[in-house]
Amino acid sequence: MEITKFNLGVEVRGFRLTEQKLFTEELVEKIKKLVHEHRIVVFRDQGEVSGEKQVEISKWFGSIDGTVFEGDPLFSHPKCPHPDVHRISNDPEEGCTNAGRSGWHIDGSFVQKPFGYALYHMPAVPKTGATEFIGFKELLDSIPEEMRARWERLWMVSDKGDKLVHPLVYSHPVTGGPAMCIHLGMTEAFIWDKDTADERRTGADETKTLLEEIRKEIEKDGRRLVYPHEWKDGDFVITDNLAVGHFASANAIRPRSEVGLRILHRTTIKGISRPTKG
């Protein structure tokens with residue numbers, strides 16, 4: 001196994017996830033450690049990973065959360081290779097379209113325990129169409145102290161389902177490192193100083209201003225903090241969903257006639273705890 005570090009993760013070569021005989025407990029723990037330590041682990045040259053095999057690999061990390069959008073046409077598609085796999089494409093005949101383009105986000109910001117991991121495989125790689133990632137440690141380290149102090153006082157209110165409220169910035173439940181609960185396209189409001197005498201909910205204009213502030217900080221300085229993962233045939237990517245945000249690049253939704261067919265298979269793993277400031 002050859003491991004090469006890059007700015008937000010590591011690349012692994014010389015190891016096939018699909019070789020079941022290698023699935024020892026020791027190896028699984030080593031991969032989990034890689035994910036927690038580096039946040040993004042890119043396994044190269046995996047060939048085509050079946051939906052069943054992707055689900056099997058995903059279960060190393062916990063229980064799969066594949067039922068949140070059951071029956072929702074935006075997230076289910078008849079060509080999904082497994083009920084727990086979300087199939088995304090730039091062709092509506094092949095998969096769900098426009099997924100991941102509503103804003104920078106983590107997966108599961110709208111559930112009580114946001115998803116712990118996300119696993120991705122791309123059976124059909126287009127000419128262009130990166131998945132972009134932002135490391136929350138790098139983002140928080142890059143902003144002024146005054147801004148960091150303000151973000152620490154904010155809680156985000158999801159615009160979906162039960163309108164759950166989570167702290168914007170908190171400590172990762174496994175590593176203790178910086179974690180954030182963001183979805184810049186699915187936030188109804190923010191709450192300042194929750195559970196204190198100064199608690200206040202933001203109105204529409206202030207909410208928009210705060211969302212734009214976060215976006216600008218992520219994308220500042222020519223997007224120097226952003227890692228654009230340009231997919232290659234056979235890539236299988238595992239991410240620590242609480243430690244990095246992501247966003248599908250604009251090229252990811254360009255039509256098949258322009259860039260070729262894009263198909264992305266994603267699985268997500270149930271979180272282990274609610275975000276807390278404690």
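**Sheet and helices**

Mentor: Valine 157 has valine 165, in β8, as its bridge partner, where strands are DSSP runs of E with at least two residues, helices are runs of H or I with at least four, and both are numbered from the N terminus. This is a predicted model, in which local features need pLDDT of at least 70 and side-chain atom pairs 80 or more, whereas totals for chains, interfaces and linings use all residues. Residues are numbered from 1 along each chain as its sequence is written, and side-chain values use heavy atoms, without hydrogens and water.

Trainee: In what sense do β7 and β8 pair, and over how many bridges?
Mentor: Strand β7 (residues 154-158) pairs with β8 in the antiparallel sense over 3 bridges; pairing requires that DSSP finds at least two bridges between two strands.

Trainee: What is the strand order in the open sheet?
Mentor: The order of the 4 strands is β8-β7-β11-β12, with antiparallel pairing. β8 (165-167) and β12 (200-201) are at the edges with a single partner strand each, so one side of each has no neighbour in the sheet.

Trainee: Switching to helices, how do α4 and α5 pack?
Mentor: Helix α4 (residues 145-152) packs with α5 at about 130°, their axes 13 Å apart, where axes are lines fitted to C-alpha atoms over the stretch in contact and angles run from 0 to 180 degrees between N-to-C directions. Met147, Arg150 and Trp151 of α4 make the contact with Leu210, Glu213, Ile214 and Glu217 of α5, contact meaning heavy atoms within 4.5 Å.
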